[in-house]
Amino acid sequence: MSSKSQEFQEQKWEPDESKNLVFYSRYKKDGSYGLTNMAPGFPLKVNDMVIRTSEALYQAMKFPDLKEVQMDIIGQRYAGRAIERSRYYDSLNNKRTDWDEIKVDVMRWCLHIKLAQNWDKFSTLLFRTGELTLIEGSPDDRFWGAVKFDKKQKTREGVNMLGRLLMELRQEIGEDLKKDGPGNSLLIVNPPAITNFRLNGRMIETIDAGAKKGGL
């Protein structure tokens with residue numbers, strides 16, 4: 001089995017709250033909502049455009065050659081509406097043909113921008129999860145999250161790719177703090193090695209959050 005197939009392999013996630021934190025794409029009072037891409041309050045700025053959520057940025061990157069489509073998705077007030085608009089354009093076969101091959105790299109890039117440009121808020125949220133396994137609790141998405149396998153026992157099954165990327169980012173924060181002080185290298189976000197990686201008609205360049213560590 002290749003390393004990539006192992007990366008995308010589904011697993012079962014047990015309902016052990018001492019080891020796992022299940023977060024949802026809807027508001028919950030436990031504070032975990034900020035881990036989702038749907039959460040407001042973590043604005044991103046790419047190619048001089050302020051984007052309300054990491055979800056809207058991720059969805060817009062499906063359509064690099066369609067500036068008007070990207071603007072429609074990004075212009076939606078709520079992340080859920082951005083997803084709806086993205087699905088509409090996808091139904092017209094406008095999405096880039098290699099999306100399934102690059103989508104994990106795009107999501108990883110979006111999360112790094114969310115961290116770099118909202119350092120204090122997002123790094124604190126991630127660090128509060130300690131060593132818990134982060135699981136996106138989804139009703140139907142077995143790739144980015146994990147769905148209920150056994151409703152009685154609340155066991156979940158799925159790839160949980162979003163949870164894995166967040167744990168990867170949490171580890172990078174810890175390593176970065178030990179090496180460079182508070183987030184020095186993670187404040188610089190390079191674009192992934194993807195051809196035709198455009199937003200608003202421009203190729204995406206390196207983002208340097210620099211002195212704006214606390215946010216935009």
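**Helix packing and aromatic contacts in the predicted model**

Helices α5 and α6 are roughly perpendicular to each other. In this predicted model, the axes of α5 and helix α6 (residues 119–127) cross at roughly 115° and come within 6 Å. On the α5 side, the contact is made by L111, K114, L115 and A116, and these residues meet W119, F122 and S123 of α6. Sorted by class, the contact of α5 with α6 comprises 5 nonpolar, 1 polar and 1 charged residues.

Helix α3 (residues 67–74) packs against α4 at an angle of about 155°, and the two axes are 8 Å apart. Because angles over 145 degrees count as roughly antiparallel, α3 is assigned as roughly antiparallel to α4. The residues that meet are V69, D72 and I73 in α3 and A82, R85, S86 and Y89 in α4. By class, 4 nonpolar, 1 polar and 2 charged residues make up the contact of α3 with α4. Within α3, the buried residues are V69, Q70, D72, I73 and I74. Their cover includes α4 together with β4 (49–51), α2 and β9 (198–199).

Two residues of this region were examined individually. R85 is placed in helix α4 (residues 79–91). With a relative accessible area of 23%, R85 is partly exposed, since buried residues must fall under 20%. When residues up to four places away in sequence are not counted, R85 touches D72, I73 and Q76. The C-alpha atom of R85 is separated by 20 Å from that of P139, a residue 54 places away along the chain. Q76, by contrast, is placed in the loop between α3 and α4. The relative accessible area of Q76 is 15%, and the residue is therefore buried. Q76 touches R52, R81, A82 and R85, again leaving out residues up to four places away in sequence.

Aromatic contacts were considered next. A pair of aromatic rings is described by the distance of the centres and the angle of the planes. The count for the model comes to 7 aromatic pairs. One of these is formed by Y58 and W99, with a centre-to-centre distance of 5.1 Å and an angle of 55° between the planes, and is classed as tilted. This pair links distant parts of the chain, as Y58 lies in helix α2 (residues 54–60) and W99 in helix α5 (residues 99–116), 41 residues apart. Both Y58 and W99 are buried. Y58 also forms an aromatic pair with W144; this pair is edge-to-face, at 5.8 Å centre to centre and 85° between the planes. Y58 belongs to helix α2, whereas W144 belongs to the loop between β5 (133–136) and β6 (147–150), so the pair ties together parts 86 residues apart in sequence. W144, like Y58, is buried. Through ring pairs, Y58, W99, F143 and W144 are linked into a cluster.

Lysine side chains were also found over aromatic rings. K103 lies over the face of F143, at 4.4 Å from the ring centre; F143 is itself part of the cluster that contains Y58, W99 and W144. K121 lies over the face of F42, at 4.6 Å from the ring centre.

Methods. Residues are numbered from 1 along each chain as its sequence is written. This is a predicted model: local features need pLDDT of at least 70, side-chain atom pairs count only at pLDDT 80 or more; totals for chains, interfaces and linings use all residues. Side-chain values use heavy atoms; hydrogens and water are left out. Helices (H or I, at least four residues) and strands (E, at least two) are DSSP runs, numbered from the N terminus. Buried means under 20% relative accessible area, exposed over 50%, partly exposed in between (1.4 Å probe, protein chains only). Contact means heavy atoms within 4.5 Å. Rings of Phe, Tyr and Trp (its six-membered ring) pair if their centres lie within 6.5 Å; planes under 30 degrees apart count as stacked, over 60 as edge-to-face and the rest as tilted. A charge sits over a ring if NZ of Lys or CZ of Arg is within 6 Å of the ring centre and within 35 degrees of the ring normal. Axes are lines fitted to C-alpha atoms, for helices over the stretch in contact, and angles run from 0 to 180 degrees between N-to-C directions. Angles under 35 degrees count as roughly parallel, over 145 as roughly antiparallel, 65 to 115 as roughly perpendicular and the rest as oblique. Ala, Val, Leu, Ile, Met, Phe, Trp, Tyr, Cys and Pro count as nonpolar, Asp, Glu, Lys and Arg as charged, and the others, Gly among them, as polar.
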